[in-house]
Amino acid sequence: MSSATLYSVSYFLVNYVLTHIGSVLPAPLNAWITNGDLVTGLAVLVFGAILLGASMINTIVLIWWERKLLGRFMDRRGAMHVGYAGLLQNFADGFKLFRKNTFRPREADWLGFFSGPTAYLVTSFVIFGILPISSGWNSGVLPLSLLLALAIFSFAPLFIFVSAWSSNNKYSLMGGMRSAAQMIAYEVPLLLAVVAVVIVSGSFDLTTIVYEQQNYWFWGPLFLALVVFVAGMLAEMERIPFDLPEAEAELVEGWNTEYGGMLFAFFMLADYLRALVGSILVVLLFLGGWTMPTWVPSAATSFPLAGIFWFMVKTYLVFGLFVWIRASLPRVRTDQLLRVGWNRMIPLSLCAVFLAAALVLAKCVWPFGCLPSMGV
Amino acid sequence: MWINMGPQHPMTHGLWNLRVKIDGEVILDCDPEMGYLHRGIEKISEDRHYNEVVTLMDRTCYVAGFAWEHLYILASEDALHIVPPERAEYIRVMCEEFQRIGSHLMWYAAFVQDLGLMTPFLYGMRDRDIVLDLFQSYSGARMTYEYMRVGGVRNDMPPGFSAHARRALDWLSDRFVEYDRLCLGSEIFRKRCDGLGVLKASDCVATGVTGPMLRSAGMRRDVRRDRPYSVYPQLDFEVAVADGADVTGRYLVRMEEMRQSIRIIRQILDWLDHHPGPVLADRLPRWLGAPYAPVGKEDYVLKRNYPKGVGLSSIEEPHGEAQAYVVNEGSEHPYRVKFRSPVFANISAARHYLIGYRVADIPPIMGSVDVCVGEVDR
Amino acid sequence: MSDPVTATEKSSDNPILWVAKPMVTAARQFAKSLVRPSTVIYPYERLEDPKFRDQVRIESGKPIGVGPIWDNYRGVHALNIATCISCNLCAFSCPDLCIEMVTVPGGDPKHPKKCPQIDYGKCSYCGFCSDACPEGCLTMTTRYELSVTKRSEMVYSPQKMFGIYEQKLPMHPIRVERPANEDQILLEPPLCIGCNACARDCPTQCITMLDIPKPEAKAGEKVPKRIWKEPVVNDSDCVRCGTCINVCPKECLFWGNRK
Amino acid sequence: MQSEDLAKALAPVLGDRILGVEPFAKTAGRLRFRADAALDVFRAVKEDLGFHHLSMVGGIDWVSHREVFYVAWSDRLGQYLLLSTDLPADAPHIESATPVWPSANWHERETWELVDITFDHHPDLRHLLLPDGYVFHPLLRSFKLHEPEELEVKKRSV
């Protein structure tokens, strides 16, 4: 199965189903239904559906994972009644939100109020189409997939601001302003940290970046970049300690104060989708993606779907780190956050870039080893 | 731009409204609006018997019920010329000190949660539960105790209480180290709280601010020491003082007060172990006993001509200096009951410690005031 | 007393490495609660369950089960109808006026037996009623689960409370000593007409009507028309409920002190 | 400091503006003063005797008249002082203590709305605990609990 890709699997599925349906149909219909274009088109649809479903389920399980971890950090249990160990609790919550009435404040702007959360959710979903999750399990070869992912990722402040402004609430507006300021401030160090990785790996393609890490994972030599990247990701994901846009203590719920029902669920889902994307990016850029170090026994890496398995394990562990940070740190203040962003993070990320350049020039660095030949 | 923080707002911890005028994120003006929880406790008290008012006292400040019971009982004993047995006084002081720990733990939980940190909230609530367990073991309720009576307390400690209490105290004093590590040991916490909500001692005195807020400004005023009531003169403790006059200072003062409370309770437990005795004054007027039957058209009390009196009591409640003024006109109901709530005065000075800070600073500052709306509105 | 310490001197826990301390603290708690968090899984584990209390105690590093005593929790009342004497003291002592005396079957038709009915929508669980009960038939139990779907179901009839009594839940072993009562029922003899109302309605039957000599008629005065009996209260049996004073048609009984 | 000492200390400053100092349990005493000289008394008490901290202001409705009482604390003496004065039952008013003790602000607002005692020259005499426009004064003896019907009638007539 290791050679199978997500697309080949969905193509096989569609082809199999359509051939069997066509075999019982009369000839002209049979020819039409098994024609290559239709199969390809349906395969793409199935591909999208699988992606959507997988990312959705992963997101919801991620929420469960956070609740359970946070519970233990706080000396309690987390969700535990619906399903085994509360696994179905979030599905139940989602269903409840789905059934709730969605209403709009009278003075709110109709278009922005409804399009904001929708666009926020959709753009967060789209990124999953780009991210590779194992060798071959991607949407084909996109040479600039990293850049594209980050570009879509940074759409968010726009939509947040639109929905905050259009909901015509002072708290929402303040939250939206904070969110825009924060995301723009942390976009720069985030991208600079990525530049460090790109310099070392010599490619914007995520698959290439992962294969560049076959000798050593980048988190060791590029530790500075990792720190900057994680901090920037925390700010982008709006998680504690950088969750001031929705600082519930003073701003009620920040930019989603006026949202209820499914629209709120959109925000919630999109937040966790972004958290998932953040964790995945950390794994891809710094933790070797789906590959494992060579000293790991091959039995642990050669079973079917081993790549996806290890990838998910790493992703959830990285998210566990975010949860740990959330469990132990209070929220910072806007001015402090921005000051740290512009005054500390950008110089740090520039340092990281220089370090990366030095790493490339040196080729081999002592405890880690050498870069693969593909390097610049 | 004026924004209303409240009456339903995560910052308020109760029902009140803080109207804030802001420019961007900076606070230009503020105006607290109270009264959303006004239940007319002073008025209802006028229609109740002396002991029945105790049921209202638990609900005056729902996180410091024992302190308010003690306050009211001290004043009405003065007004009614009744002297409680010594053991009852020790038990009351123990209740008050345990309540101080419970209230401060509740404060700790809510305050750190305002900073966005959820973990200490659960630690604080978990450890407060220990205190509530102890309360329940002798008073029979976890928050609304109805335990103190004019002339003593309702019942004595159950057997084995002091061993359990000591174990709980050991557990609690270990936990305080953990609390400090979580808060003071965190750079972000210090950045958020140092130099925030400064209210200098002179301003505190002018605006009537008392309690941990005053002591965090370096002023060593504590009713327990300055005007000792009940059995406090026999107890050895220190008054916690900090010098920052800011949020961190208030945090430090409250943490130190909890340690001192543990010290006081240990002394009281030693005393209680060696001095058995009655806990209720033995000869009480009929209408102060629990089985009181108001009867007939004749006003029995006026017939007996019970001596009139006025009582003023003042205690160091967890939030500050609380006072009660009870007027006894010789009837079975108090003629007038008036309370001074420390939080009432502390909130009224809001303008002095909020203006000039940022919107994000409101939750920690108001959290450090430890607002309990129940006792402000009464 | 020693000199005051400033709080800053005593507990200055300064940050190391930005946020290392809180993160380590949280991780330590994480490791601890992997074994067993402090949560009491309520419907399955109950604090009042002695087995659970023995199993998880503060010694095991968990802050639950400190209090040894759950039996004196002030929850729903239990009423032993058989020993209730209908003295009304519970209803009198209720600060929230939530107790109403309702007729229960079992009394004689002329003087129906009345037992308390409690509206838990109003009750504040202060325990004054069970403290006031002279016979110990109205007690508070450890039961605290009262959620119902209708407000009318919050009103517990005597029969319902008797049902709780029959479950033999732990009932408040800390019994309050009734404070010594310096008052007694006194009589103003000239007003009494000997009507027997007090003796008839006394819940403890502690009033006996004794014959008194009928005075001789003096010149110019009429002997008052009355029954020549007077109530005598047996002080040791009296529960001081005041029923006699309430029923007295001539208001000749009153509270007082012979000393 | 006992009540006699207090009277002696205040006599030269205030003269006949104080009506007497009675002993009061656990305080320095109860100082009764003439209502029209309130501000002078407050100033003298605060500045000459060091009662810097005003902890409570309250009113009592004695049907025939009303009483205002103030409780102040002196760090120097380590004692409380009770000040009280009687006001007529109809349109009772007294000078506000806010110029001397700013902390009197909210206490006076509360006393004004609950006991119906007007404090002249108060900077901000608004409703505090009761809703704006509320016409009753609940802590007056004439405001009865347990009689909602009566209240209804009264409300309609207002």
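**A tour of the chains, from C to D**

Select domain 1 and domain 2 of chain C: 7 residues of domain 1 are in contact with 6 residues of domain 2, where contact means that the C-beta atoms of two residues, placed from the backbone, lie within 7 Å. On the side of domain 1 of chain C that touches domain 2 of chain C, 4 residues are nonpolar, 3 are polar and none is charged. In this classification Ala, Val, Leu, Ile, Met, Phe, Trp, Tyr, Cys and Pro are nonpolar, Asp, Glu, Lys and Arg are charged, and the others, Gly among them, are polar.

Everything here is a predicted model, in which local features need pLDDT of at least 70, side-chain atom pairs count only at pLDDT 80 or more, and totals for chains, interfaces and linings use all residues. Residues are numbered from 1 along each chain as its sequence is written, while chains are lettered from A and ligands numbered from 1 in the order in which they are written.

Next, show all chains. There are 4 pairs of chains in contact, and chains B and C share the most contacts. Chain D does not touch chain C, and their nearest C-alpha atoms are 11 Å apart. Chain A does not touch chain D either, with 24 Å between their nearest C-alpha atoms.

Now select chains B and D. Here 25 residues of chain D are in contact with 29 residues of chain B. On the chain D side, the elements that give two or more residues are β3 (53–61), β5 (79–88) and α3 (104–115). Helices (H or I, at least four residues) and strands (E, at least two) are DSSP runs, numbered from the N terminus. β3(D) gives the largest share, 6 residues. By class, this side of chain D has 15 nonpolar, 8 polar and 2 charged residues.

Stay in chain D for two loop residues. Most residues other than glycine have a negative phi. Ala91(D), in the loop between β5 and β6 (93–95) of chain D, has a positive phi near 50 degrees. Ala91(D) is exposed, with 9 other C-beta atoms within 10 Å; 12 or fewer counts as exposed, 20 or more as buried, and in between as partly exposed, with C-beta atoms placed from the backbone.

Last, select His121(D), in the loop between β7 (118–120) and α4 (148–157) of chain D. Phi of His121(D) is positive, near 60 degrees, and His121(D) is exposed, with 10 other C-beta atoms within 10 Å.
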